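Let us walk through this structure together, one region after another. Have a look at the sequence and the model first, and then read on.

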Amino acid sequence: MPRFSARWMVAVLLIAMVGGAFFFCEYLIYFPTILKCAWPQISHGRAGEDVADARPGESAVRAMVLSDTHLLGAVGGHWFDKLRREWQMERAFQTALWLLRPEIVFILGDIFDEGKWSSQKHWEDDVRRFHRMFRHSTDTELVVLVGNHDIGFHYEMDWFKLQRFEKVFNASSTRVVTKKGVNFLLVNSVALHGDGCPICQSVEKELIKLSRDLNCSLQSSQPSAGGGGGSSGPMDGCEGSQLYPPTPPIMLQHYPLYRVSDASCTGQDAAPPEERHLLFREKYDVLSKEASQRLLQWFKPRLILSGHTHSGCEVLHDNKYPEISVPSFSWRNRNNPSFILASVSPSSYALSKCFLPEESTVIGVYCSAGACLLLLFLAHCLWMKGLLQCLSLCLLGKHKSL
């Protein structure tokens, strides 16, 4: 009876430890981590913005911004790697939706890792997994941008890949999304090489049109300079333009605007120190100088949000255009993924960063649980060995007495 009870007690302890470690690492850990995050409060009238002060009754959009999910494909993705990383992103995303309830979610490109070469069958499988992982209620709008891994680098992209991507997400890769009076400008930065390729020409043409529409919308809100005498007024050349809310846009894209390196980037999600001084390649790591300047001149955005580098960074272009590089959302690309929480009104904004559980923490919990299991098992074996020796000695003593 003692042996039977001891074995059951050890079995229950083993099951409890294994189950507890699994439940904590795969479900519970996301809740206390994301509960630390909160929507930032907008302070009325941000200094340095070329917009009016925020009105007291002005409502803000709650936007969640993440990047570089890199869902693994059929070619380069090991099944366990795929299972582990995709489960992490799914649990993180679903927990964030449940706790934070964003009104709109932006994913800044590189949704898939192998979209640039996947077959139609593999593409459909990747899309199905994406929709399962990033499922959301009708209260939340999901907006996806295109990245180089979705349609290929400039030399790899073609109309088929681009249209396949746009069809899945039912939207053009370059457009303006307006919510609560806030203009979010989505840019297909993969097509901004400026070499006259057909897709590049089409995207640039669309950007010029959107620039005209947004600038005309800003002009329409300004009081006309008085005085008559045949003065044409501020809306010259704006006939037929589409009107948007009169506020500078928040610009979102996959590639960052041009910068030399990440040398000035700091923070726990910045690139590792040994990588920060590596020079970026134009049109590969960042946009070219020319493309970057054109975007700034056309749109004069009050904020730029980008991805691609998998690391966080804050840059101020021309001393007035702030850019935030959003780190990767996947453990496959960094140990401490994160995303941005943005409260955005028509005239102001506030940002905060929300970190996900570190993969090293989860591995440490599993290793600690494994070590405890091993010690418990060894202790049980030693105890059982001692018990058997004791019983054998007792039996031997009785035999001798007889």
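The link between Cys37 and Cys354 is right-handed, with 80 degrees about the S-S bond. Cys37 sits in the loop between α2 (30-35) and β1 (61-66), while Cys354 belongs to strand β11 (residues 349-355), so this pair ties together parts that are 317 residues apart in sequence. Helices (H or I, at least four residues) and strands (E, at least two) are DSSP runs, numbered from the N terminus. The sulfur atoms of Cys37 and Cys354 are 1.9 Å apart; a disulfide is a pair of cysteine sulfur atoms within 2.5 Å. Both Cys37 and Cys354 are buried, where buried means under 20% relative accessible area, exposed over 50% and partly exposed in between (1.4 Å probe, protein chains only).

A word on what you are looking at: this is a predicted model, in which local features need pLDDT of at least 70 and side-chain atom pairs count only at pLDDT 80 or more, while totals for chains, interfaces and linings use all residues. Residues are numbered from 1 along each chain as its sequence is written, and side-chain values use heavy atoms, with hydrogens and water left out.

How many disulfides does the structure hold? There are 4, and with bonded cysteines counted along the chain they follow the pattern 1-8, 2-3, 4-5, 6-7. One of them joins Cys197 to Cys200, with 2.2 Å from S to S. The torsion about that S-S bond of Cys197 and Cys200 is about 85 degrees, so this disulfide is right-handed. Cys197 counts as buried at 15% relative accessibility, and Cys200 is buried with a relative accessible area of 3%.

Another disulfide connects Cys265 and Cys313, S to S 1.8 Å. Here the torsion is about -70 degrees, so the disulfide of Cys265 and Cys313 is left-handed. Cys265 lies in the loop between β6 (250-253) and α8 (289-299) and Cys313 in strand β8 (residues 313-317), so the pair ties together parts 48 residues apart in sequence. Cys265 is buried at 1% relative accessibility, and Cys313 is buried with a relative accessible area of 2%.

What about Cys25? Its sulfur is 9.8 Å from the closest cysteine sulfur, in Cys367, too far for a bond. Cys367, in turn, is in no disulfide. Cys25 is buried, with a relative accessible area of 0%.

Now turn to helix α6 (residues 159-169), where Lys161, Leu162, Arg164, Phe165, Glu166 and Phe169 are buried. The cover over these buried residues of α6 includes α4 (120-133), β3 (141-144), α5 (148-151) and α7 (198-220). At the N-terminal end, Asp158 caps α6 through a side-chain oxygen that lies 3.1 Å from the backbone nitrogen of Phe160. Just after α6, Asn170 takes a positive phi of about 55 degrees.

In helix α5 you will find Asp150.

Helix α7 holds Ser217, which is buried with a relative accessible area of 1%. The side chain of Ser217 reaches the backbone oxygen of Asp213 at 2.7 Å, and the backbone nitrogen of Tyr244 lies 2.7 Å from a polar atom of the Ser217 side chain. Leaving aside neighbours within four places in sequence, Ser217 is in contact (heavy atoms within 4.5 Å) with residues including Gln242, Leu243 and Pro245.

Finally, follow Arg334 in the loop between β9 (321-325) and β10 (338-344). Arg334 counts as buried at 10% relative accessibility. The backbone oxygen of His310 lies 2.7 Å from a polar atom of the Arg334 side chain. Arg334 and Asp269 are 65 residues apart in sequence and 8.7 Å apart in space, C-alpha to C-alpha.

Note on methods. Polar contact = N/O pair within 3.5 Å; in protein donor to acceptor, adjacent residues only side chain to side chain.
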